[in-house]
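Please read these points beside the model.

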Amino acid sequence: MDGAPRLAVHGAGRMGARVAAMAADAGMALVAVVDRQQSGALRLPRVGSLAGLPAVDVLIDFSLPDGAVAAAHWCGAHGVPLVSGTTGLHAAQWEALEQAAAKVPVLHASNFSPGLNALRLLLPRLQQLLGTEAKVSLLDVHHVHKQDAPSGTALALRASLGREDLPIESRREGEVVGDHSVRFELPHETLTLQHQAQDRDLFAAGALRAARWLLQQPAGFYGPDQWLGSKGP
Ligand code: NAD
């Protein structure tokens with residue numbers, strides 16, 4: 001590929017706007033953002049639908065579950081690698097991403113933070129060390145605009161422990177970017193691990209790095225472990 005990879009961003013909301021703003025610093029050439037809504041605040045080359053996109057090398061999606069599905073269909077049909085950070089997908093919507101992955105590289109991560117992914121990888125070891133006596137619970141705190149609960153990240157943390165029965169408390173408060181805590185309660189002691197995202201640039205930078213990595217991969221479905229595993233969290 002000659003020159004900077006051409007990038008389109010699907011969903012120009014809180015996350016998509018940061019990805020678009022940081023694209024050039026990540027060595028990507030932003031071609032357009034795609035959003036069904038016009039945002040007065042954004043001065044970005046916007047198109048109203050995927051059908052209006054010029055040729056691109058990779059698409060980054062931060063929209064809503066139906067948007068992630070539309071992005072997957074479009075990427076599969078046009079041979080474009082897809083990075084999606086959209087959360088709250090149900091089983092049929094995951095299937096659309098997997099179908100696209102038969103044709104193009106698709107990477108989904110419910111969290112693009114290296115610190116959070118390190119925590120996720122650490123949890124099974126902690127559970128092993130503390131034993132089944134420990135009572136485990138999770139907490140996710142996010143801004144009031146967030147549409148899904150529990151967060152995709154809280155679900156991923158719980159899945160890493162292999163115990164779908166663990167309780168997750170979800171709080172929606174003010175403009176909190178994303179806080180996650182995992183609590184292990186034992187007789188006479190409590191161990192709490194907490195991750196706090198300080199701003200959305202954390203996730204945007206991760207998604208852009210993931211996109212560059214994905215451009216080198218063959219068709220297939222990838223998660224954060226494959227992407228981060230290539231250089232460690
Ligand atoms: P947001 O509401 O600010 O922005 C979403 C944008 O997508 C909106 O502008 C909306 O108009 C647009 N959109 C929705 N459906 C669309 C469709 N079908 N076609 C075109 N545009 C569509 O939301 P946000 O805070 O930017 O978050 C977006 C998603 O990213 C959420 O699912 C959120 O949970 C997730 N998220 C993931 C990470 C991560 O690291 N993976 C981090 C933060 C947020």
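1. Second largest pocket, make-up. The lining of the second largest pocket divides into 9 nonpolar, 10 polar and 2 charged residues. Ala, Val, Leu, Ile, Met, Phe, Trp, Tyr, Cys and Pro count as nonpolar, Asp, Glu, Lys and Arg as charged, and the others, Gly among them, as polar. A pocket here is an open set of points on a 1 Å grid over the protein atoms alone, where a 1.4 Å probe fits, with protein on both sides within 12 Å along at least five of seven lines; lining residues have an atom within 4 Å of a point.

2. Basis. This is a predicted model, in which local features need pLDDT of at least 70 and side-chain atom pairs count only at pLDDT 80 or more, while totals for chains, interfaces and linings use all residues. Residues are numbered from 1 along each chain as its sequence is written, and side-chain values use heavy atoms, with hydrogens and water left out.

3. Second largest pocket, position. The second largest pocket holds about 360 Å³ of space. A volume is the space filled by probe spheres set on the points, with grid points joined across faces, edges and corners. Helix 4 (114-130) and helix 5 each supply at least two lining residues. Helix 5 has the largest share, 4 residues. Helices are DSSP runs of H or I with at least four residues, strands are runs of E with at least two, and both are numbered from the N terminus.

4. Domains. The domain bounds come from an automatic or database domain assignment. The centres of domain 1 and domain 2, taken over C-alpha atoms, are separated by 26 Å. In contact across the two are 12 residues of domain 1 and 16 residues of domain 2. Contact means heavy atoms within 4.5 Å.

5. Largest pocket. Its volume is about 1200 Å³. Among the 49 residues lining the largest pocket, Arg14, Met15, Phe62, Ser63 and Leu64 are the closest to its centre. The lining has 15 nonpolar, 26 polar and 8 charged residues. Helix 2 gives the most, with 4 residues. Domain 1 and domain 2 each contribute at least three residues to the lining of the largest pocket.

6. Largest nonpolar core. This core has 31 residues, and Leu7, Val19, Ile60, Leu107, Phe112 and Leu208 have the most contacts inside it. A nonpolar core is a set of buried Ala, Val, Leu, Ile, Met, Phe, Trp, Tyr and Cys residues joined through side-chain atoms within 4.5 Å. Strand 1 (6-10), helix 1, strand 4 (58-61), helix 6 (201-214) and helix 7 (224-229) give two or more residues each. The largest share, 8 residues, comes from helix 6. Another core lies apart from it, with 21 residues, among them Ala68, Ala72, Leu82 and Ala100.

7. Helix 1 and Val19. Val19 sits in helix 1. Val19 counts as buried because its relative accessibility is 0%. Buried means under 20% relative accessible area, exposed over 50%, and partly exposed in between (1.4 Å probe, protein chains only). Beyond residues up to four places away in sequence, Val19 touches Leu7, Val9, Ile60, Phe62, Ala204 and Leu208. Val19 and Ala207 are 188 residues apart in sequence, yet 7.6 Å apart in space, C-alpha to C-alpha. The buried residues of helix 1 are Met15, Gly16, Ala17, Val19, Ala20 and Met22. Their cover includes strand 1, strand 2, strand 4 and helix 6.

8. Loops to check. The peptide bond from Ala149 to Pro150 is cis, with omega near -5°. Pro150 lies in the loop between strand 7 (135-142) and helix 5. His188 has a positive phi, near 70°, in a residue other than glycine. His188 is in the loop between strand 9 (179-186) and strand 10 (189-196). At 88% relative accessibility, His188 counts as exposed.
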